[in-house]
Amino acid sequence: MPELLRAARLLPQCLELPPVVDDGAVVVEGQDILAAGPFAQLSREHAGPVRDLGDVTLAPATFNSHVHLEMTHLLGKTSSGQGFVPWVQSLLAQPLYDLDASAVRTELMRMEQKGVAFLADISTHNAARVGDILSASGFGFVSFAEAIGAAVPGDAAALLPRVGAVEDCGRGAMSVAGHALYSTSGPLLQAAKGLCRERGLPFSLHLAEHADEDQILLTGENAFLDLLKARGVLSGYDAPGARPVPLARELGLMDADTLLVHCVTVDGQDIADIAHSGATVCLCPRSNEHIGVGRAPARALLDAGVNVCLGTDGLCSNADLDPYGEMAWLMERDSGLDLPDAMALITVNPALFFGRTIAQAARLGSLAPGRLARFSIVPAAILDIWIHR
Ligand SMILES: [Zn+2]
């Protein structure tokens, strides 16, 4: 029998309703939303049980569009606010890829409690294990295996781990990501993106994260590159002499199924090019602040019509994995961002991007008929920022 949930406010994130519905209601049956709207209207036609949630703001369950679960054990173990090179040095001093499955499950539980329903994870060495863990969870997901280095396998399909549990669970998919334009060779990035295109999968790439990246690509002379070379990485590096966005475009990596993560050092022309490509941008503002690389131009990206999402990045550069934390950070610093617009960055926008290729994602992101009955409660701290603006 359908049940009606009543809440003081709804943030429905769908075009059929106003951005904020005071004294709202959602009618659910089993896994599905049947209706959403004003309580006064829906209660007239509803004969089943009513659950009054009280003075809360009910929103769709959220997406964390960029996370590194394999680095969960690095919480509090990296340098903060000193820039990219000191952060990488502190990172490289740790056992980087020692996935701690029990710590990952604890973080998944924390995210579930915060109302997260979908994760896009990047793993360099543990994508199959993360895929297994996510299959056994209740999350929708993409588990990206990160392609890094120069060597292109004879058969590009070797880049994509096959995980039976992921195929069986029906809530997610394995896919392939590039690390960055300097650490993953052009041919390898093209092979990874080509495979995603062929299989109808999303592709993800860290892009324009810090000034060192620009310098490495442009000149090949940079302290970070020296540090990598001293470790035997990128020893034969040949700078392509182009900035990140033009290079990604030239390599054919940017289209509507590509997620560009960070985009801190983009300029006006880059933003126009991203908007033209149809690619989605995932901002990770707290991670950028932790590492000390600057701030992405969130307002300019939104004004240009780019589809923008938020991710927490890993616990190697953040305090928690709650997308609401990223949203609060942006709202506090970007006074132009209204609550429903900010909410879109962790609900309907990522649903639009991931929903193109992952069926589960298309059923999340809005309180609308036919969507899954998965919810989050907007934290009081965010309502305070909104009200006291
Ligand atoms: Zn990342």
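Which side chain does glutamate 326 join through a polar contact of 2.8 Å? Here are my notes.

1. Before you start: this is a predicted model, where local features need pLDDT of at least 70, side-chain atom pairs count only at pLDDT 80 or more, and totals for chains, interfaces and linings use all residues. Residues are numbered from 1 along each chain as its sequence is written, and side-chain values use heavy atoms, with hydrogens and water left out.

2. Back to glutamate 326: the partner is the side chain of asparagine 318. (A polar contact is a pair of N or O atoms within 3.5 Å; within protein, one must be able to donate a hydrogen and the other to accept it, and residues adjacent in sequence count only if both atoms are side-chain atoms.) Glutamate 326 sits in helix H13, residues 323-333. (Helices are DSSP runs of H or I, at least four residues, and strands are runs of E, at least two, numbered from the N terminus.)

3. Glutamate 326 has 0% relative accessibility, so it counts as buried. (Buried means under 20% relative accessible area, exposed over 50%, partly exposed in between, with a 1.4 Å probe and protein chains only.) Alanine 93 counts as exposed because its relative accessibility is 64%. Look for alanine 93 in the loop between helix H2 (84-92) and helix H3 (101-113).

4. Now the zinc ion: His66 (NE2), His68 (NE2), His206 (NE2) and Asp313 (OD) coordinate it at 2.1 to 2.5 Å. (Donors are N, O and S atoms within 2.8 Å of the metal, or 3.2 Å for Na, K and Ca; water is not among the atoms, so sites may look incomplete.) Histidine 68 and histidine 206 are both buried.
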